[in-house]
Amino acid sequence: MNTFSDLTIIIPTLNEEKAIQILLEKLEQCAPGAKVIVTDDGSTDNTKLNVMSFKGNLNVQFLDRSKNPVHGLTASVLDAILQTESTYFLVMDADLQHPPKKIPEFHEKLNNGFDLVVGKRRKVKEKWSFHRKLISYSATILGKIVLFLRNKNKCQDIMSGFFASRTEIWKDIIQKKEHKFALEGYKVLFDFLKTFPNKLKIQEVEYDFGHRDYGSSKINKRVIWLYFKSLFK
Ligand SMILES: Nc1nc2c(ncn2[C@@H]2O[C@H](COP(=O)(O)OP(=O)(O)OP(=O)(O)O)[C@@H](O)[C@H]2O)c(=O)[nH]1
Ligand SMILES: [Mg+2]
């Protein structure tokens with residue numbers, strides 16, 4: 001039975017040739033019947049080839065954004081949401097730091113009527129430097145202050161890149177307020193919380209943030225700077 005046929009799994013990628021293959025295999029087990037959109041910003045490795053040649057029993061679409069004038073994780077996710085036809089979508093990283101086995105929990109909560117389900121990092125398995133911890137901590141505090149001052153919806157992990165929601169509410173906000181999103185940035189969930197005008201029914205799913213075993217992190221100073229600028233957007 002296609003229990004996940006009302007769900008599209010959106011995976012932003014930039015040079016994730018190895019991890020994406022493993023992830024697609026896991027998704028076949030954890031979310032049978034779901035549609036997958038791999039939204040890629042012009043990977044120069046074999047990401048495209050490996051997605052296109054995936055032989056499993058999943059409906060996988062490769063969204064090739066290499067010629068798009070605006071690159072960025074947020075822009076890639078928003079593009080994929082606009083192409084989503086299912087009732088729900090879920091966003092997750094390709095690098096296996098977000099555990100696919102948690103997808104049924106997200107899906108169940110959406111089916112129970114929640115508008116937004118956010119993955120909350122319980123434990124970070126990766127050894128983060130003091131510098132990275134400090135940036136993550138201050139970014140979260142500042143973000144929460146902004147949401148509080150604007151009387152917006154909150155959740156514990158406002159920086160999460162692992163979340164699921166109802167497609168129609170996002171399509172509406174993207175069409176009306178895309179300028180509020182830092183398209184080249186990383187924090188698409190925060191931009192959404194900051195922009196969405198009404199109260200949302202939010203639930204969280206706890207998970208352990210895994211190791212990055214393949215490929216490399218794309219976080220850099222520019223991404224951090226874009227986030228701090230987006231606090232005032
Ligand atoms: N389409 C697209 N995907 C991106 C871009 N930057 C990163 N990604 C993907 O977004 C996901 C998250 O990126 P990461 O670099 O792993 O960021 P992170 O998990 O917050 O940081 P680490 O813990 O250091 O790995 C991965 O699947 C990346 O391949 C981008 O500019 N465009
Ligand atoms: Mg990562």
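**Exercise 1. Is threonine 39 buried or exposed, and what is its relative accessible area?**

This is a predicted model, in which local features need pLDDT of at least 70 and side-chain atom pairs count only at pLDDT 80 or more, whereas totals for chains, interfaces and linings use all residues. Residues are numbered from 1 along each chain as its sequence is written, chains are lettered from A and ligands numbered from 1 in the order in which they are written, and side-chain values use heavy atoms, with hydrogens and water left out.

*Solution.* Step one: the relative accessible area of threonine 39 is 0%, so this residue is buried (buried means under 20% relative accessible area, exposed over 50%, partly exposed in between, with a 1.4 Å probe and protein chains only). Step two: threonine 39 belongs to strand S2, residues 35-40 (strands are DSSP runs of E with at least two residues, helices runs of H or I with at least four, numbered from the N terminus). Step three: residues up to four places away in sequence being set aside, threonine 39 touches several residues, including Ile10, Leu63, Ser76 and Ala80 (contact means heavy atoms within 4.5 Å). Step four: a polar atom of its side chain lies 2.9 Å from the backbone oxygen of serine 76.

**Exercise 2. Work out which residues make polar approaches to ligand 1.**

*Solution.* Step one: 20 residues surround ligand 1, and the closest are Glu16, Asp41, Asp95, Ser217 and Lys218 (a residue counts if one of its heavy atoms lies within 4 Å). Step two: an oxygen atom of ligand 1 is 2.6 Å from an N or O atom in the side chain of serine 217, and a backbone N or O atom of lysine 218 also lies 2.6 Å from an oxygen atom of the ligand. Step three: a nitrogen atom of ligand 1 is 3.1 Å from a polar backbone atom of threonine 39. Step four: taken alone, ligand 1 exposes 640 Å², and the protein buries 93% of that (Shrake-Rupley method, 1.4 Å probe).

**Exercise 3. Identify the protein donors of the magnesium ion, ligand 2.**

*Solution.* Step one: the donors are Asp95 (OD) and Gln97 (OE1), lying 1.9 Å from the ion (donors are N, O and S atoms within 2.8 Å of the metal, or 3.2 Å for Na, K and Ca; water is not among the atoms, so sites may look incomplete). Step two: both aspartate 95 and glutamine 97 are buried.

**Exercise 4. Describe the surroundings of threonine 140.**

*Solution.* Step one: threonine 140 lies in helix H5, residues 130-149. Step two: its relative accessibility is 17%, and therefore threonine 140 counts as buried. Step three: neighbours within four places in sequence left aside, threonine 140 is in contact with Gln156, Ile158 and Met159.

Terms used. Polar contact = N/O pair within 3.5 Å; in protein donor to acceptor, adjacent residues only side chain to side chain.
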